Amino acid sequence: MQEGYDCVFGSRFIKGGKVIDYPSHKLIVNRLANFFIKILFGLKFNDTTNAFKIYRKDVIEGISPLVSHHFNLTVEIPLKAIVRGYSYTTIPITWRNRTIGVSKLKLKEMGSRYLFIVLYIWLEKHLSCGDYHLSKKRLLLNQRFKSNG
């Protein structure tokens, strides 16, 4: 953030990142889902489903309204930020499997929610004519400012 990025995303799967004790079936589903998102959006970012993320306040305001009510929020926010033109960088993180308790994330239940939000944002990217894109917003604000000035 101090380098000027709008968003910082953690990745378990870049140089310096680690996963410790990741259940193999969840790892396979995770890598497939992230590969699908990466290809669909043409991203270099490879860990969209990871929850370690930092945003500037104006990014959160600029990606409203949010649709997700579950874990898929971890995918909605970064994808909207990227699609709408906010800058981002990735940093390596270490992810450790829980040692106490049981995860509330149910793959079958959440799969359709993740797919819905990914396709929703893909449609925004391709069908909104850039209406939500940051550069278009800035251009419109500048035009309004000049016409009111």
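Lys57 is classed as exposed, with a relative accessibility of 64%, where exposed denotes over 50% relative accessible area, buried under 20% and partly exposed the range in between (1.4 Å probe, protein chains only). The model is predicted, so that local features require pLDDT of at least 70 and side-chain atom pairs pLDDT 80 or more, whereas totals for chains, interfaces and linings use all residues. Residues are numbered from 1 along each chain as its sequence is written, and side-chain values rest on heavy atoms, with hydrogens and water left out.

A salt bridge is defined here as a side-chain nitrogen of Lys or Arg within 4 Å of a carboxyl oxygen of Asp or Glu. Both residues belong to helix α2 (residues 57–62), and because they are 4 residues apart, about one helical turn separates them. Helices (H or I, at least four residues) and strands (E, at least two) are DSSP runs, numbered from the N terminus. Across the whole structure, 4 salt bridges are found.

A further salt bridge joins the side chains of Asp47 and Arg12, at 2.6 Å from N to O. This pair connects distant parts of the chain, 35 residues apart: Asp47 is located in the loop between α1 and β3 (53–55), and Arg12 in the loop between β1 (7–11) and β2 (18–20). Asp47 is buried, at 0% relative accessibility, and Arg12 is likewise buried, at 7% relative accessible area.

Glu124 and Arg84 also meet through their side chains in a salt bridge, at 2.8 Å from N to O. Here too the pair links distant parts of the chain, with Glu124 in helix α4 (residues 107–127) and Arg84 in the loop between α3 (73–83) and β4 (88–92), 40 residues apart. Both Glu124 and Arg84 are buried, the relative accessibility of Glu124 being 9%. When neighbours within four places in sequence are set aside, Glu124 is in contact with Lys80, Val83, Arg84 and Tyr132, contact meaning heavy atoms within 4.5 Å.

Phe36 is situated in helix α1 (residues 24–41) and is partly exposed, at 36% relative accessible area.
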